[in-house]
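Here's a quick briefing on one residue and the helix pair around it. Have a look at the model first, then read on.

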Amino acid sequence: MRGLDSEDNTFDSELIPYINASLFRLNTLGVITHSNYNITGENETWADVLRESINRIGSIQTYMALRTQALFDPPTSAYLLSAIESEIQELEWTLEITNE
């Protein structure tokens with residue numbers, strides 16, 4: 001989503017823990033119901049990760065991108081960081097209530 005070449009795995013070892021932390025958060029919220037799902041590399045697909053939540057792929061992809069960005073490469077502007085954090089909270093709330 002960030003314009004990186006899909007073949008470029010330079011940052012995989014740094015990004016994967018943040019992606020897995022975001023997946024854990026989605027599991028905690030009840031959005032992803034299979035327990036302890038973690039990605040390990042480039043072989044996992046959105047269908048593997050989301051399974052029963054695949055109908056909300058757009059919102060989940062946006063959430064994952066924003067949360068991973070906030071953890072891995074936060075903006076230097078406090079205003080932008082606050083806006084990203086606010087959007088993350090809104091997405092968490094929306095995903096959680098639409099899951100009930």
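Let's start with Thr68, which sits in helix α3 (residues 57–72); helices here are DSSP runs of H or I with at least four residues, numbered from the N terminus. This is a predicted model, where local features need pLDDT of at least 70, side-chain atom pairs count only at pLDDT 80 or more, and totals for chains, interfaces and linings use all residues. Residues are numbered from 1 along each chain as its sequence is written, and side-chain values use heavy atoms, leaving out hydrogens and water.

**Thr68 up close**
- Thr68 counts as buried because its relative accessibility is 11% (buried means under 20% relative accessible area, with a 1.4 Å probe and protein chains only).
- Leaving aside residues up to four places away in sequence, Thr68 touches Leu15, Tyr18, Ile19, Ser22 and Asp73 (a contact means heavy atoms within 4.5 Å).

**How α1 and α3 pack**
- Helix α1 (residues 12–28) packs against α3 at about 130 degrees, and their axes are 9 Å apart; axes are lines fitted to C-alpha atoms over the stretch in contact, with angles from 0 to 180 degrees between N-to-C directions.
- On the α1 side, the meeting residues include Leu15, Tyr18, Ile19 and Ser22, and on the α3 side they include Thr68 and Leu71.

**Confidence**
- The protein chain has a mean pLDDT of 86, with 90% of its residues at 70 or more (pLDDT is the predictor's confidence in each residue, from 0 to 100).
- Confidence is lowest in helix α2 (residues 46–50), with a mean of 82, and highest in helix α4 (residues 78–99), at 94.

How values were computed. Helices (H or I, at least four residues) and strands (E, at least two) are DSSP runs, numbered from the N terminus. Buried means under 20% relative accessible area, exposed over 50%, partly exposed in between (1.4 Å probe, protein chains only).
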